[in-house]
Amino acid sequence: MAAAQDARDELVDGLVAAIEADDDDWLDWLNGDESVGDGAQAAAQALAADNDSILEGEAVQVVQDGYPGFRVNIQTNYTVGNSIIPGTASMNGRAHATAVIQPRCENIPPVDPLDPFELDCDGETVTIDPGHFNPGDFPDASELFSVYLVQ
């Protein structure tokens, strides 16, 4: 989850930078089509460490059901302990997970990407006006993109 959440934050940072630069490609950022993930590895390692575990290998970029995401493998630093399954007491726990980033907003792109327009983000209206853009008024990343586990 942490790798995908970090990538989601990078998407929004890229979106804000593209809008501020009057860049025509800001719609690609909004749709989640731009490449992100520079901080994914560190974010996954930090979350594993917070849970007394380690990241095994790399946080691998994947596309699942058409959405970008990350797959990770984790091993606990502690053993399973007493269990009803014989022979597992001294084993470390292992898990793998895949999290994806899905846009929450539906939009019809403006004819001119510098024209203002509205997004429907899960029933909430978000107005983007590239000509009069204030990053302080921009919604939180979680309002624009959902991050969830798929396996």
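Residues are numbered from 1 along each chain as its sequence is written, and side-chain values use heavy atoms, without hydrogens or water. Because the model is predicted, local features need pLDDT of at least 70 and side-chain atom pairs count only at pLDDT 80 or more, while totals for chains, interfaces and linings use all residues.

Let's start with helix H1, residues 2-20. Helices (H or I, at least four residues) and strands (E, at least two) are DSSP runs, numbered from the N terminus. Just after H1, Asp22 has a positive phi of about 55°.

Next, which residues lie nearest the centre of the largest pocket? They are Met1, Leu47, Ala48, Val72 and Ile74, out of 14 lining residues. A pocket here is an open set of points on a 1 Å grid over the protein atoms alone, where a 1.4 Å probe fits, with protein on both sides within 12 Å along at least five of seven lines; lining residues have an atom within 4 Å of a point. Strand S2 gives the most to this lining, with 4 residues.

Finally, the sheet: three strands form an open, antiparallel sheet in the order S4-S5-S6. Strands pair if DSSP finds at least two bridges between them, and 2 bridges join S4 to S5.

Definitions and conventions: Expected span 1.5 Å × (residues − 1).
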